[in-house]
Structures are given as structure tokens and as C-alpha cells.
Amino acid sequence: MKISEYIKNWRLRKNIRKRCATLKNFQHTDEDILPENAVQELDALLEAGRKLAAQPEKNACSQWMESAENTLKKYSPHSSMREILDILAVALMVAFGIRALFFQPFKIPTSSMQPTLYGIHYINTDKARSSDGVLPWFGKLGKLGNYLAFSIREAKVDLKTQIAAIGSEIYPVKELAIFDSTLIPLSNGSQVVLPGAPGKVAEYADLAPGVVWRGKVLDGFLSDGDHLFVNRLSLHLRPPQRGDVMVFATENIVGPGGERPSDSGGYYIKRLVGLPLDILKIVDQVLMVKPHGAEKFVPVYELAPNMKKLYSGLGGYQGHCTQIPGLTHFLRSSNEEYTVPQDHYFMLGDNTRFSADSRVWGPVPRQNLIGRPAVIFWPLSRRWGRIDKAAPLQVPTGQPGIRTFKSMYLQ
């Protein structure tokens, strides 16, 4: 047999078998409601199809395909749509199965894990480019391209003359019905709209009543933050370890004062710093750990080397502070020690000065742990790809500002 003839017969067999599968599936699904003559007609078609698949002949196959199509239209006029819906249902089940068992998408809600992982944040592009914090084509792809690649919206104010911004009267607005923005009236009767909710705009624009704007006030973008996949299977392959970035459910976690870590949804992301029965304390901005059975405290980075960068004083890393005034219940001073309960884990944010974590609402039960973040899939940035791989940006962390360090505006 010639190769061309073999290929032709193979295609005929493939089409016959595919249509037989459709007929058989239809017969199986609707057998209880089909009239007897329809069942007999389908049986005859299937038998003829099996014979043709064994010994295909072009004209006979064409006639059989036409008969099969007419039969389906007669008894199931929407068979094509049903096939599409069946495929879609299977695809959705596979997708939801993967999400439930393996990889779950997650959006960073706040700034508590910066600069390891970013929530919604401002990027000062002039200074960022000089510090190698952004990619060369950052902000150069047009509005749509910038958002699709970098999840950013332009946040720029360039005034020619001195104008006083009325910082006490700013208004939330919606752009395109989905994006949070803030309208800022100016003393000369004009107004400026900047991306972000009022609190976020006040943070990155240094808004205050009577503040005076002159010249280039802002030249940057607001990013929607990091989106990542959480590996739910990882905890079944390797137990939780000190230094792991971890996603956990917030249900049933309540601090001594009734504090709950659920303001931003049902899941949080922090760094696991304390294992069951560890004794913890914070001395001179360093988390000290006495593991269960050990005789002395050691810096946490000696036990978890990946945490050493947290003490670099670069790019926003600042070590670990003892408390958030008025909120913390645990590790409030260098003299206070805390023993992690059995089957619980102590969590801290990398942006510890601006993080509500286990210092506020206590340790996290083992049953609440969801999994380790695997990769950042959006946006493109120096953090894109494997979690926790980026070294600190080589600029001093500096002094804290309004709910952040300005060195974090560079990436």
C-alpha cells in the first residue's frame, strides 16, 4: 500500500471513529427517552461505522457520515453545542481540580511582605531606572500594554507654577468602572486624578492639608501588586520549615483582644519564623530563636539562611521590630519571650514595621496552612518567576514614611 493511500485511509478511520463516539455518547445519554426506532437506527449506524472503520472506502464513508449527521440532527438538533459544552465541562473540572489540589492563584493584598512580595504600590520610575529596579521597557508600552505586562497605571503630576493641593478633601472615584482612583481638587480650581484608593494616594503622594505642589510632583506608576500560584501539594511532600513564605487560611485565628487577620479576605501570606515549641524574642531588630531542646538563642538567619537578606538594611529590608504601637500582644519588647504552642506556627511579615501578624493575633494552627507560593506569574518585574529569589535592591532602606519606606518605590 502506498504511503499516500495509507494516510488517506487513516484519516477516514479517524473521522468514522470520532463520529461513532459521538453517536454512542448520545445514545448512552438519551437512551431512556429515545423512541425504539431511534435506538435501532443508532445501533445500525454504529454497526455500519465499525465495519467502515475496519475497511474504509471513500464514497461509503461519505454516505455514512451524511447519514450519521442527519440522524443526530433529527434526534438531537443541538448535538454540536452539546459536544462543546461537554468539552468545556471537562476542561473546567480539570482546571478546578488543579486549583483545588495543586496550584491556586493568589493576589498579594497588602504591603506586609514587601520587598519580597508586593501588594498595591507606587513605583518612582526616574529613580527606579537609576537603581536597576525596573525592566528597561517598563512604562513604555502604552496604557494597555503597560497594564497587561506590568499591572501599572500612570501616576504623574507635573505643574508649571506653585499650586496648593487641598489634601483634606479628596474623593474616591472609579475609572472604567473597575479601577480605584482618587480625585484631588487644587486651590486654583483645577483637579488631578491619580490611580489608587484615597489612603494609597495619600501614602505615595505625601498628601496633607495645605501641602504645596510645584513642578514635577510625581513621575511614576501605581502597580496592582504581585499575582502568584500557591503550591498546595508542597506541604504533603515537605513539612513546614522556618523561613518558608506561607499562605494560610485566617478562619478561627483570634488574638487576645479579638483581633482577626481577615481584613483583606480569607487568606494571608507571611513568612514562617517560628516552629512548634520554639522560644522567640526580638533583640535589637533581630529575631532570636531557641529551638525546642536547644540551650541558647541564636539569630533566626543562622537557622534559616534565606532570611539573612531581611537584615541587610537594603531595598526596604529592615529586620524585625518588636511592636506596632497599640496593636501587638506578643514580642512587645526585647525582654519578652514567646513559646510557640504545639501544632502552631509563628508568622511575621518581611515589612515588619507595617505588618499585622502573629505579634497581633498569635500563632497559626497547622490545619490552617494552605501551601507555599511557587511562582509570581504577573506582572513582569525583577521578582517574576520563582518566589523569594530576588536579592535586595542595592540602596539603603532609609527611614520609614507614611506606612512604607520610600526605598520600596524603586521596584
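I began just after α7, where Asp206 takes a positive phi of about 55°. Helices here are DSSP runs of H or I with at least four residues, strands are DSSP runs of E with at least two, and both are numbered from the N terminus. The model is predicted, so I note that local features need pLDDT of at least 70 and side-chain atom pairs count only at pLDDT 80 or more, while totals for chains, interfaces and linings use all residues. Residues are numbered from 1 along each chain as its sequence is written, and side-chain values use heavy atoms, with hydrogens and water left out.

**Entry 1: helices α7 and α6**

In α7 (residues 198-205), I found Lys200, Val201, Glu203, Tyr204 and Ala205 buried. Buried means under 20% relative accessible area, exposed means over 50%, and partly exposed lies in between, with a 1.4 Å probe and protein chains only. In α6, the buried residues are Asn146, Tyr147, Ala149 and Phe150. Ser151 follows α6 and has a positive phi near 55°.

**Entry 2: the second largest pocket**

I next turned to the second largest pocket, which holds about 470 Å³ of space. The elements that give two or more residues to its lining are α6 (142-150), β3 (152-166) and β6 (191-195). The lining has 18 residues, and those nearest the centre of the pocket are Lys143, Ile152, Arg153, Glu154 and Glu175. By class, I recorded 10 nonpolar, three polar and five charged residues. Nonpolar covers Ala, Val, Leu, Ile, Met, Phe, Trp, Tyr, Cys and Pro, charged covers Asp, Glu, Lys and Arg, and polar covers the others, Gly among them.

The search uses a 1 Å grid over the protein atoms alone: a cavity is a set of points where a 1.4 Å probe fits but cannot get out, a pocket is an open set with protein on both sides within 12 Å along at least five of seven lines, and lining residues have an atom within 4 Å of a point. Grid points are joined across faces, edges and corners, and a volume is the space filled by probe spheres set on the points.

**Entry 3: cavities**

How many cavities of 30 Å³ or more does the whole structure hold? The search finds three. The largest cavity has a volume of about 100 Å³. Its lining has 15 residues, and Ile123, Phe138, Leu380, Ser381 and Gln411 are the closest to its centre. The second largest cavity has a volume of about 80 Å³. Of its 16 lining residues, Pro115, Thr116, Lys309, Arg383 and Ala390 are the closest to the centre.

**Entry 4: strand pairing**

I then followed β17 (residues 369-378), in which seven of 10 residues are buried. Strand β8 (residues 227-231) pairs with β17 in the antiparallel sense over five bridges, and Asn231 stands opposite Arg372. Two strands pair if DSSP finds at least two bridges between them. Strand β9 (residues 245-249) is also antiparallel to β17, joined by two bridges, with Val247 opposite Gly371. A hairpin of six residues leads from β17 to β18.

A second hairpin, that of β4 and β5, has three residues between the strands, and Leu176 takes a positive phi near 55° there. Five bridges pair β4 (residues 171-175) with β5 (residues 179-185), again antiparallel.

I also traced an open sheet of four strands, in the order β13-β12-β11-β14 with antiparallel pairing. Its edge strands, β13 (298-299) and β14, each pair on one side only. Within this sheet, Lys281 stands opposite Met288 in β12.

Is His320 buried or exposed? His320 counts as buried because its relative accessibility is 1%. It is found in the loop between α9 (300-303) and β14 (338-339). Its side chain makes a polar contact with the side chain of Tyr311 at 2.6 Å. A polar contact is a pair of N or O atoms within 3.5 Å; within protein, one must be able to donate a hydrogen and the other to accept it, and residues adjacent in sequence count only if both atoms are side-chain atoms.

Gly274 lies in strand β10 (residues 267-274) and, at 0% relative accessibility, counts as buried. Leaving out residues up to four places away in sequence, I found Gly274 in contact (heavy atoms within 4.5 Å) with Leu280, Val340, His344, Tyr345 and Phe346.
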